[in-house]
Amino acid sequence: MILRLLLIVLFQTIPLHFGDVVEGTITDEQPAITYRFTGSVNDIIVVEMRSVNRSLDNKLHTPVLILQDENGEILVDTTLQYTLDDAVLIARLPYTGIYQLVATRDQTLDYKAVGDYTLSLNRMAIMRAGDVVTADLSNADTLYYAYWITEEAALQLDYVHLAGDFYPQVTLNRLVVDRGGLRPVGMIDGDSITQGQVTITTQETFYILTIAQSPLDYVFDDVYASIRMMIGEANGDSSG
């Protein structure tokens with residue numbers, strides 16, 4: 001019986017691999033679509049569910065992502081992020097094996113969301129002390145980097161805007177585990193900042209660095225930037 005139920009679940013889920021971008025539709029008849037993927041312990045994953053309709057008439061207004069273990073137990077639920085149009089789930093995987101990912105909507109609302117979406121699954125890039133990263137991005141992009149702390153130290157991020165009309169917001173974040181979201185702890189932000197530094201004293205295991213358009217910027221035309229970053233650790237009591 002257990003094997004039969006497992007086979008039913010497998011046939012009802014859609015296989016997904018790191019780097020995939022797939023399409024789906026949330027309807028009243030099918031308010032949730034389940035995917036499955038294989039991950040490794042301590043992988044940091046980023047799942048993005050984006051509404052295809054980018055207009056004010058978008059009816060997929062409250063998408064939700066739920067990460068489950070292979071038995072269907074909920075590990076992460078983005079519902080309480082209260083996002084609009086898009087949902088992003090970030091998680092650190094607790095074991096090596098099969099996971100389930102549910103693309104759905106906020107079922108607590110009277111006006112239920114419906115519509116088309118794209119869904120991507122990616123493994124987050126890792127930065128290490130002394131790494132220098134140079135990147136090109138537009139205001140439509142979000143770059144993610146995970147940084148593992150090797151010891152209790154002052155964490156320092158150096159940032160340089162090399163070129164372009166886009167001045168992204170650069171943020172050091174802690175992971176909010178149960179909601180799959182991020183809580184900022186340090187930030188470099190400004191429409192003309194070409195160089196900056198953030199230093200914080202930390203006892204955390206790891207941080208997540210994001211580079212993206214500030215939510216306070218209303219830029220709809222495509223603009224671009226080239227940036228350079230270096231992250232490192234220094235023993236001491238610096239704070240920021």
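In what order do the 5 strands of the open sheet stand? The order is 10-12-17-14-15, and the pairing is mixed. The legends below describe close-up views of this sheet and of the salt bridges.

This is a predicted model, in which local features need pLDDT of at least 70, side-chain atom pairs count only at pLDDT 80 or more, and totals for chains, interfaces and linings use all residues. Residues are numbered from 1 along each chain as its sequence is written, and side-chain values use heavy atoms, with hydrogens and water left out.

View 1. Strands (DSSP runs of E, at least two residues, numbered from the N terminus) are said to pair if DSSP finds at least two bridges between them. Strands of a sheet pair through backbone hydrogen bonds, either parallel or antiparallel. Strand 10 (125–127) and strand 15 (181–188) are the edges; each has a single partner strand, so one side of each is left without a neighbour in the sheet. From one strand to the next, the twist averages 35° (axes are lines fitted to C-alpha atoms, and angles run from 0 to 180 degrees between N-to-C directions).

**View 2. Strands 14 and 15.**

**View 3. The salt bridge between R105 and D28.** A salt bridge is a side-chain nitrogen of Lys or Arg within 4 Å of a carboxyl oxygen of Asp or Glu; the whole structure holds 3 of them. The closest N and O atoms of R105 and D28 are 3.0 Å apart. Distant parts of the chain are linked here: R105 belongs to strand 8 (residues 97–105), D28 to the loop between strand 2 (21–26) and strand 3 (33–39), and the two are 77 residues apart. Relative accessible area (1.4 Å probe, protein chains only) sorts residues into buried, under 20%, exposed, over 50%, and partly exposed, in between. R105 counts as buried because its relative accessibility is 6%, whereas D28, at 52%, counts as exposed.

**View 4. The salt bridge between R123 and D43.** Here the closest N and O atoms are 3.3 Å apart. R123 lies in strand 9 (residues 115–123) and D43 in the loop between strand 3 and strand 4 (44–51), 80 residues apart. R123 is partly exposed at 45% relative accessibility, and D43 is buried at 11%.

Methods:
Helices (H or I, at least four residues) and strands (E, at least two) are DSSP runs, numbered from the N terminus.
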